Amino acid sequence: MLTQNIKLLGIPFTYGQDKSGVRLAADVLRKYGLVDMLSELAPTQDLGDIGLTIPKSNSVYNGIKNEVESAMASQRISKFIERENLDESFLLNIGGDHGMGLGVLHGLLYQRPDMVVVWADAHGDINTPESSPSGNFHGMPLSFLLEGAQNRETFNWLSRTLPANKLILFGPRSLDAREKEIIEKLSIQYYSSAEINRRGSSAIMKEALNKADPEGKCPIHLSLDIDFFDSEDVISTGTRESQGPEFEEVFFMGRALSETGRLASMDIVELNPEIGTWIDVDATFQTAMDFVRYTLNGCFRDNLNFNSKNQLEYVQIAN
Ligand SMILES: [Mn+2]
């Protein structure tokens, strides 16, 4: 499956953690020229930002902060993605915090039920509401996708789950004890940053994809939490962790995925322009731009006849 064009979607989801600056990331990337950059690679349509205007209550219910808001926003994201025609489109989602991952993947599973998910992150994001030390929803989206969580009243609209063998956890180095138990119980593929630095992203990714999809047929989704980068390399994000992958290994991961010809969607989340000095913010957003260009260039490198004047018309979504 080869995608022919790019759809860009901003998802200003902030309910998964305490810092509101993540809502601004998509617009900051647009100011950095993201749409023009994408348009040089393939016809690009900017779908605008999904309107997530439910006020944040900061109340805790059943172990989750902002449970009702998170559930409503997740459902809205899922519905939006279900209804979008993605037959020939690469979907690029800009967060928002990583709590948006539940709605994104639930929507994408409708379109691409056999997809493989690479979750590149300093953390596991696989806590259940019961196991989470913080109650922050951005540490839970994977547990909801794997187990369903339909038993929770606010999430009873969930109708799809991600098979555990289709998930690859790439780079976590800060796992809670209960998260390790869940990963072992479900036999989820898991590669630490230390292993990435020892063996290299490319070799590991080939092995991991081969295990998840031995026939090499399934579309791939990359969910990149910018805190996957080492805490020295990327500053403007909410939960930095040291001992991350070498800077270039992150890019090699992107290239290894694009070279399969099956990378069909990607999230970039947890960019926060309100954290750090302006120099930190600039470096962080430039790094995100570089990663997107490097990776998508690999996806669309065969698109030699593309002329950027073919750019699809800009459409502002109605909310
Ligand atoms: Mn994350």
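Student: In this predicted model, are Glu-84 and Lys-7 buried or exposed?

Tutor: Glu-84 is buried, and Lys-7 is buried as well. The label needs a relative accessible area under 20%.

Student: What makes the contact of Glu-84 and Lys-7 a salt bridge?

Tutor: The N to O distance between their side chains is 3.0 Å. The cut-off is 4 Å, so the pair qualifies.

Student: How many salt bridges does the structure hold?

Tutor: There are 13. Asp-27, Arg-30, Asp-46 and Asp-49 are joined by salt bridges into a network.

Student: Why do Arg-178 and Glu-181 count as a salt bridge?

Tutor: Their closest N and O atoms are 3.9 Å apart. That is within 4 Å, so the name applies.

Student: What separates Arg-178 and Glu-181 in helix α6?

Tutor: About one helical turn, because they are three residues apart in helix α6 (residues 177–185).

Student: Why is Arg-178 called partly exposed?

Tutor: Its relative accessible area is 40%.

Student: Which residue forms a salt bridge with Glu-195?

Tutor: Arg-199, with the closest N and O atoms 2.7 Å apart. Both residues lie in helix α7 (residues 193–199), four residues apart, about one turn of the helix.

Student: Why is Glu-195 called buried?

Tutor: Its relative accessible area is 19%. Buried means under 20%, so Glu-195 qualifies. Arg-199 has 34% relative accessibility and is therefore partly exposed.

Student: Which residues coordinate the manganese ion?

Tutor: His-98 through ND1, and Asp-121, Asp-125 and Asp-225 through OD.

Student: What makes these atoms donors?

Tutor: They lie at 2.0 to 2.3 Å from the manganese ion. The limit here is 2.8 Å, so they count as donors. Along the chain, the donors follow the spacing H-x22-D-x3-D-x99-D. Asp-125, in the loop between β6 (116–120) and α5 (141–147), and Asp-225, in strand β9 (residues 220–225), are 100 residues apart.

Student: How do you know that Asp-125 and Asp-225 are buried?

Tutor: Asp-125 has 5% relative accessibility, and Asp-225 has 2%.

Terms used. Residues numbered from 1 in each chain as written. Predicted model: local features only at pLDDT ≥ 70, side-chain atom pairs only at ≥ 80, totals over all residues. Heavy atoms only, no water. Donors = N, O, S within 2.8 Å, 3.2 Å for Na, K, Ca; no water. Helix = DSSP H or I, 4+ residues; strand = E, 2+ residues; numbered from the N terminus. Buried < 20%, exposed > 50% of the residue type's maximum accessible area, 1.4 Å probe, protein only.
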